Amino acid sequence: MNGPIGASAAGPAELLAVWETGLAQHPSDRSLLLHRAARPGAGTDELLSVPVGQREADLLALRRALFGERMQVRVECGACGEEMEFDLDTRVLGAGAELPREPLRVTEGEWVVEFRLPTVADLAAAATASGPAEARGRLVRACTLRALRDGEPVDADAMPGLLPERVERRIAQAAAEADPTADVRLTVACPECGDATPAELDITSYLWTELDTWARDLMLDVHLLATAYGWSEPEILALSPLRRRYYLELCADV
């Protein structure tokens, strides 16, 4: 894999430190680590308070800065098992999407619900629930700003047991339309059988895999150049990717 390209606030040494820290973390915790790399200087509370789609957009921007605009995606056909591979232009993901400045509002039957978009912290809290129903209940309580039933206020804590499923679906639909980058889903047509296979793009997992491959390749470069020239790791990392490659080519010619 080629080294990171484009503009990035983090240099090779900083990215290696991110990778080293992430090795000891659970995959679910790496989103925050990578998000911090995407927003240098941002505090943990700030990162946890952004809408989920904003985090995904930040990670996509970091990925473009490090490894370019095109992603190679592999999907297995759900019908025939054929391995499908295609290039995805990350510039189109969330393009033109602007998060609402005002609370969202859903009216369904006797219910009127005003709510905000789920944040990263909301999603993390819901992920610890014992099941889908409890997870939905946590999100409803966390994101509801105001709820009326037949014109009467309803406490958010009571809503998970009272709110009809059709209202929950309307809320989920409105949130997805307002924040489309929060859950990027692809539909891929199989060239063998023609069946359409849905696939979810997990940018955290994808970016971490790329960063892991890049870091291990870079450490091998450091090992080879340190062995050949006696340079320290900081000295080698200070070289541009182009100069590093030329020195490696000289080592191979010896």
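**Entry 1: helices α4 and α9.** I looked up how α4 passes α9 and found a left-handed crossing (the near helix is turned anticlockwise from the far one by less than a right angle). This is a predicted model, where local features need pLDDT of at least 70, side-chain atom pairs count only at pLDDT 80 or more, and totals for chains, interfaces and linings use all residues. Residues are numbered from 1 along each chain as its sequence is written, and side-chain values use heavy atoms, without hydrogens and water.

I took helices as DSSP runs of H or I with at least four residues, and strands as runs of E with at least two, numbered from the N terminus. The axes of α4 (residues 52-67) and α9 (residues 203-229) come within 10 Å and cross at roughly 25°. Axes are lines fitted to C-alpha atoms over the stretch in contact, with angles from 0 to 180 degrees between N-to-C directions. The two helices α4 and α9 are therefore roughly parallel to each other (angles under 35 degrees).

**Entry 2: their contact.** I noted that residues of α4, including Leu59 and Phe67, meet residues of α9, including Tyr206 and Trp214 (heavy atoms within 4.5 Å). By class, this contact of α4 with α9 has nine nonpolar, one polar and three charged residues. Ala, Val, Leu, Ile, Met, Phe, Trp, Tyr, Cys and Pro count as nonpolar, Asp, Glu, Lys and Arg as charged, and the others, Gly among them, as polar.

**Entry 3: pocket linings.** I checked the lining of the largest pocket and counted 27 nonpolar, six polar and 12 charged residues. Its largest share, six residues, comes from α6.

Conventions. Parallel < 35°, antiparallel > 145°, perpendicular 65-115°, else oblique.
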